[in-house]
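Me: I've got a model open and I'd like to check what the labels on it rest on. Can we go through them?

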Amino acid sequence: MKIVTSIEELRDQLSGQLRTAFVPTMGNLHEGHLSLMRLARRHGDPVVASIFVNRLQFGPNEDFDKYPRTFQADVEKLEKEGVYVLFAPTEKDLYPEPQEYRVQPPDGLGNILEGEFRPGFFVGVSTIVLKLFSCVQPRVAVFGKKDYQQLMVVRNMSKQFALPTEIIAAETYRADDGLALSSRNMYLSAAERAEAPVLYQTLNQVADEVRSGHLDMFELEKAAMAQLAQRQWKPDYISIRKRADLQPPSAGDLAKKEPLVVVAAAKLGTTRLIDNLEI
């Protein structure tokens, strides 16, 4: 595996490649990330990964400085997966001057749910993804469904800018007890880790209610949040949305069985977990 840090070196390395498959990451890789690499290989060759902790998507009170950085361990994992190039730029490599041009997602997608609780997050995500796509110029790029709203933002951005990159969605990789794998899981204490699967269990309960014909979405969401709060969670949202645009479903949408997804974000102790389940 070749490790490159500069954009020029990356472009030289990938010159003439027409089927590059790309997986952008912020490092601290776990089995979920590695499953993305395997999916990428099924859709293109060579496989290129990036590791870059993107300051633009962290809010002023978020964990940019504390975000776990495990570069050497990450390199070993990517080598075992047969990744061809790891792009690991420094901030000076990727932002040699202040990134004053930003990509602003539409309010109806970028400022709801995660965007409401993390203002500016999707501007940071969209900007870095567009820049990485410009550097790598992949034919396909793989994003996990765990970050459901992020996947939709990137997919819609690629479509509207007519980017020559197909966005591939990867199913959420879960531990045996159902917890979605995340780099932030390492912040959980032993007791919190034992409690953490309750979030996914709650999503399944909501989905089961919807499938059984319970159509009062507000009541279901309110009950689910109250259930978590009783267990000492601090939920930001549990919300049933249309998969197509993440807007709340209307009575007409429900009558014609519009595909839905239930999305959630909640703090357990000091760790904020997100998850979702398609219905």
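Reply: Strands themselves are DSSP runs of E, at least two residues, and helices are runs of H or I, at least four, numbered from the N terminus. This is a predicted model, where local features need pLDDT of at least 70 and side-chain atom pairs pLDDT 80 or more, while totals for chains, interfaces and linings use all residues. Numbering starts from 1 along each chain as its sequence is written, and side-chain values use heavy atoms, with hydrogens and water left out.

Me: What makes β5 and β6 a pair?
Reply: 5 bridges join β5 (residues 140-144) to β6, and the rule asks for at least two, so they pair.

Me: Why are β1 and β6 called edge strands?
Reply: The open sheet of 6 strands has the order β1-β4-β3-β2-β5-β6, with parallel pairing. β1 (2-4) and β6 (166-170) each pair on one side only. From one strand to the next the twist averages 25°, with axes fitted as lines to C-alpha atoms (for helices over the stretch in contact) and angles running from 0 to 180 degrees between N-to-C directions.

Me: How do you know that α1 packs on the sheet?
Reply: Contact means heavy atoms within 4.5 Å, and helix α1 (residues 7-14) touches β1, β3 (47-51) and β4 (85-87). Its direction makes about 160° with that of β4. Helix α3 (residues 71-80) lies across β1, β3 and β4, at about 170° to β3.

Me: What makes β8 and β9 a pair?
Reply: Here 8 bridges join β8 (residues 260-268) to β9, running antiparallel, against the required at least two. Ala265 has Ile274 in β9 as its bridge partner. They belong to an open sheet of 3 strands, in the order β7-β8-β9.

Me: Which element gives the largest share of its lining?
Reply: α12 does, with 3 residues.
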